[in-house]
Amino acid sequence: MAIPANAARFTGALDPEEVLDYIVPIGPLLEAGETIDPDPDRWSLTLLAEAVALGLEILESDPDWPDPALVVGDTRFVNNTAIKFWARVDPAFQDNAAFAAGVALPMEATCWTSSNPPRRRQRTFLLNVVEQ
Amino acid sequence: MARANNGRRADVRFGNFSGPAGVVERGGETTVALVATPSMLGAAKGGTIDGVSYRLVKVTPSEVVGGMIVLTVEPSA
């Protein structure tokens, strides 16, 4: 699948040796009162192949960082309308030459919503990884 | 669907390319990103991912990573 020309970029670049948290805002895609279905089987974050090839990782089942989760209790977002995750570059890839100039790595957020019938929303986001 | 799909890194062979690649399976589609040029694939109609045979469906230059190409593949029958 092609990467949309208007794919949103996360603010704040990731240095390949950093571990940072990011938030995927789904709220602008939703109608009033509509949320992401909180069932963990009904939403996901997927790295696209280029991101995998360069060692980007969404941390999950890691003893030191939380799994991706819907955002609850953050005054910047309506509950269950955004997804928070932690990311890093696999240490084996941190010296990759691509990161010297910087590279935007793609990922995709997919979710079913709370509407009846539910909508399926999907957006591609770019995460900048650059040595800083 | 799982919450995070980090894909996997695999050893792939397509045409004259042999080496590591990023592989993502989602919604029944498998994509493979590798550092190569389309000409390195030659006229290959298929290849292998970790030794498993796949049919080559499409080759496109990466839209975000220079020097990388993205293959769309499907399991060989």
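Trainee: In this predicted model, what makes the six strands of chain B a barrel?

Mentor: The strands close on themselves in the order E2-E3-E4-E7-E6-E5 of chain B, with antiparallel pairing, and the twist from one strand to the next averages 45°.

Trainee: How do you know that E3(B) and E4(B) pair?

Mentor: Two strands count as paired if at least two bridges are found between them; E3(B) and E4(B) have five bridges in the antiparallel sense, so they are called paired.

Trainee: What makes a residue of chain B count as being in contact with chain A, and how many do?

Mentor: The C-beta atoms, placed from the backbone, must lie within 7 Å, and by that test 24 residues of chain B are in contact with 29 residues of chain A. Elements giving two or more residues to this side of chain B are strands E1 (4–5), E2 (8–14), E3 (17–26), E4 (29–35) and E7 (68–75), and E3(B) gives the most, with five residues.

Trainee: Which classes of residue make up the side of chain B that touches chain A?

Mentor: That side has 13 nonpolar, six polar and five charged residues.

Conventions
Residues numbered from 1 in each chain as written. Chains lettered and ligands numbered in written order. Predicted model: local features only at pLDDT ≥ 70, side-chain atom pairs only at ≥ 80, totals over all residues. Contact = placed C-beta atoms within 7 Å. Helix = DSSP H or I, 4+ residues; strand = E, 2+ residues; numbered from the N terminus. Nonpolar A, V, L, I, M, F, W, Y, C, P; charged D, E, K, R; others polar. Axes fitted to C-alpha atoms, helices over the stretch in contact; angles between N-to-C directions.
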